[in-house]
Amino acid sequence: TMRMDVDLAADNFSPVNLEQNGPIPVHGTLATDIRGRVSGPLDSIFADVNVTVLPSTDITYPIDDKNMAQVKPYGTVNIQYNTAVGELDLGGKLNVDDGIVRYSPKLYPMMPFRVDSGSHVTFNGPLGNTDLRLSASQQVKADVQSAGQEPRRVAFNTGVRVNGILD
């Protein structure tokens with residue numbers, strides 16, 4: 001039986017070319033460090049790879065025609081894949097402490113929200129178990145007036161939040 005045994009190591013590696021208007025909607029710079037091993041008989045290869053997304057990563061993801069998220073994730077994700085059973089397991093956490101979400105709710109102008117520090121994506125096994133904890137906020141000011149009083153300017157925090165398990 002033929003076997004494979006390959007060690008993987010790469011520093012500041014861009015595994016894909018994320019061009020704007022390319023075949024996938026995501027574009028930007030993806031910088032990674034990769035460490036891992038791919039081994040086993042050719043009919044049952046097992047991959048165990050750590051992918052560290054570096055802070056120099058800058059990704060833009062269009063949400064629909066005019067809405068988009070531009071984020072700078074970083075962290076390490078362990079990827080395990082067994083070809084014999086077609087099972088993909090992910091583990092780890094990507095932090096998203098910096099970025100902008102441009103969102104235009106119906107009847108409102110485009111609003112830029114800053115990604116809130118502490119936002120993250122946690123991987124817990126199969127892709128469907130991925131836990132999203134992402135939020136972005138913006139401070140807006142509006143004139144408010146109580147009966148019989150002069151209008152006054154008040155600051156409000158508005159935001160968007162995506163929380164929960166993918167599945």
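I began with Phe 123, which lies in strand E9; helices (H or I, at least four residues) and strands (E, at least two) are DSSP runs, numbered from the N terminus. The model is predicted: local features need pLDDT of at least 70, side-chain atom pairs count only at pLDDT 80 or more, and totals for chains, interfaces and linings use all residues. Residues are numbered from 1 along each chain as its sequence is written, and side-chain values use heavy atoms, with hydrogens and water left out.

**Phe 123.** Is this residue buried or exposed? I found Phe 123 buried, because its relative accessible area is 14% (buried means under 20%, exposed over 50%, partly exposed in between, with a 1.4 Å probe and protein chains only). Leaving aside neighbours within four places in sequence, I listed Val 77, Leu 90, Gly 91, Gly 92, Leu 94 and Thr 130 as its contacts (contact means heavy atoms within 4.5 Å). I also took the C-alpha separation of Phe 123 and Ile 79, which is 9.6 Å for residues 44 apart along the chain.

**Cores.** I then looked up the largest nonpolar core, which has 11 residues, among them Phe 123, Val 77, Leu 90, Leu 94, Val 121 and Leu 132. A nonpolar core here is a set of buried Ala, Val, Leu, Ile, Met, Phe, Trp, Tyr and Cys residues joined through side-chain atoms within 4.5 Å. Which elements give two or more residues to this core? I noted strand E7 (87-103) and strand E9 (119-125). A second, separate core has 8 residues, including Val 96, Met 111, Phe 113 and Ala 136. Back in the largest core, which includes Leu 132, I checked what Leu 132 touches: His 120, Val 121, Val 162, Asn 163, Gly 164 and Leu 166, not counting residues up to four places away in sequence.

**Ser 39.** I placed Ser 39 in strand E3 (residues 32-41). Ser 39 is buried, with a relative accessible area of 18%. Apart from neighbours within four places in sequence, Ser 39 is in contact with Met 4, Asp 5, Ser 44, Ile 45 and Phe 46.

**Asn 12.** I found Asn 12 in strand E1. Most residues other than glycine have a negative phi. Asn 12 has a positive phi of about 50 degrees although it is not a glycine.

**Ile 24.** I located Ile 24 in the loop between strand E1 (3-13) and strand E2 (27-29). At 46% relative accessible area, Ile 24 is partly exposed. From Ile 24 to Gly 118, 94 residues along the chain, the C-alpha atoms are separated by 27 Å.

**Whole chain.** How many helices and strands does the protein chain have? I read 0 helices and 11 strands. The radius of gyration is 21 Å, well over the 15 Å that the globule rule gives for 167 residues, so the chain is more spread out than a compact globule. That radius is taken over C-alpha atoms, and the rule is 2.2 Å times the number of residues to the power 0.38. The C-alpha atoms fill a box of roughly 90 × 30 × 25 Å along the principal axes. I recorded buried residues as 31% of the 167. Of the contacts between residues at least 6 apart in sequence, 46% join residues at least 24 apart.
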